[in-house]
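Please go through the structure shown below. The report that follows takes up single residues, then a sheet, then the chain as a whole.

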Amino acid sequence: MENQEQQLVLDFGMLTVAQQERVDKFIKQQKDAIQNNTREGNAIETLLNEGGFRKGIDYENTIKTRIVTGEKEFHYDGFKADITYETVEGSISILYKKYDSTTNRIVTQKCYIGRNLDKLECSAITSQYRAYKPTTLFDKLVEKNNKAQLDYNSANREKSVIDYTVNKYKTLFPNATVTIGKDYYKSYRNSYNEFSTVIVTFNSGSYIIFRLGYENDKEFIHKKFDAVEAKLNAIEILTLYNQQN
């Protein structure tokens, strides 16, 4: 009987009983996945709505099903079969704002959201990786979006001050080279923070690096180098200082 079954498989491409059982099991797994994902998606969406999130603005639900028809390879079982089954794809994501310094735009980003009973988690908009009450998570989203706007405003304010300062020193010293630079300072947490500078360099090699203020004309000297003084010995420098009033 077993030999007849194998011969039918070879002659007509029929599945063995074991193979058909494996196909049926796979199709059932896909149906179960659809039910589980749909149920979980509905639960998450209900919590989001209760927390004040707006669909299409604050979150999106892309969970959907589709029919797949074609050859499916069952690698572990070592066979292929032409089958038709329904599968599920997509997820629920929170939509949040972030300032993109490379394009100088506020862009919308997506963050996968998970559920823990009646709480939700989305690590991209919270400082801690844990679940929050929906209303609290919505407050975190508002804070995240507000920060994006503040970052945008700050970057463009800084850009305006930089442009003004560069034009200022180009006008005052047309023979000098005026460029934009970056420097760093160490915070009390031992992290390094970047800030912009304007560098005025002269043909002699002397330069001054300005650190910018929050407004126009509020820059101050950050670093400086005197190429002429650098060539003097100690006595020559002391003599120079002695001549100063």
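V178 has 10% relative accessibility, so it counts as buried (buried means under 20% relative accessible area, exposed over 50%, partly exposed in between, with a 1.4 Å probe and protein chains only). The residue lies in strand β8, residues 177-186. Helices (H or I, at least four residues) and strands (E, at least two) are DSSP runs, numbered from the N terminus.

Which residues is V178 in contact with, leaving aside its neighbours within four places in sequence? They are V166, Y169, K170, V198, I199 and V200. Contact means heavy atoms within 4.5 Å. Y241 is 63 residues from V178 along the chain, and 28 Å separate their C-alpha atoms.

## Basis of the model

This is a predicted model: local features need pLDDT of at least 70, side-chain atom pairs count only at pLDDT 80 or more, and totals for chains, interfaces and linings use all residues. Residues are numbered from 1 along each chain as its sequence is written, and side-chain values use heavy atoms, with hydrogens and water left out.

## The disulfide

How many disulfides does a search of the whole structure find? The search finds 1. A disulfide here is a pair of cysteine sulfur atoms within 2.5 Å. C111 and C122 form it, with their sulfur atoms 2.4 Å apart. The pair links distant parts of the chain, 11 residues apart. C111 is in strand β5 (residues 105-112). C122 is in the loop between β7 (119-121) and α3 (134-172).

Are these cysteines buried or exposed? C111 counts as buried, at 7% relative accessibility. C122 counts as buried too, at 1%. In general, a disulfide is a covalent bond between the sulfur atoms of two cysteines.

## An open sheet

Strands β1, β4 and β5 form an open sheet in the order β1-β4-β5, with antiparallel pairing. Two strands pair if DSSP finds at least two bridges between them. β1 (59-61) and β5 stand at the edges. Each has a single partner strand, so one side of each is left without a neighbour in the sheet. Neighbouring strands are turned by 35° against each other on average, direction ignored.

β4 and β5 run antiparallel and are joined by 8 bridges. K97 has T108 in β5 as its bridge partner. Helix α3 packs on the sheet and touches β4 and β5. The direction of α3 makes about 20° with that of β4. Axes are lines fitted to C-alpha atoms, for helices over the stretch in contact; angles run from 0 to 180 degrees between N-to-C directions.

## G90 in its loop

G90 is found in the loop between β3 (79-89) and β4 (92-100). Leaving aside neighbours within four places in sequence, G90 is in contact with T62 and I63. N37 is 53 residues from G90 along the chain, with 9.3 Å between their C-alpha atoms.

## The whole protein

The protein has 4 helices and 11 strands. Its radius of gyration is 33 Å, well over the 18 Å that the globule rule gives for 245 residues, so the protein is more spread out than a compact globule. This radius is taken over C-alpha atoms, and the rule is 2.2 Å times the number of residues to the power 0.38. The C-alpha trace spans about 115 × 45 × 35 Å along its principal axes.

Of the 245 residues, 28% count as buried. Among contacts between residues at least 6 apart in sequence, 42% join residues at least 24 apart.
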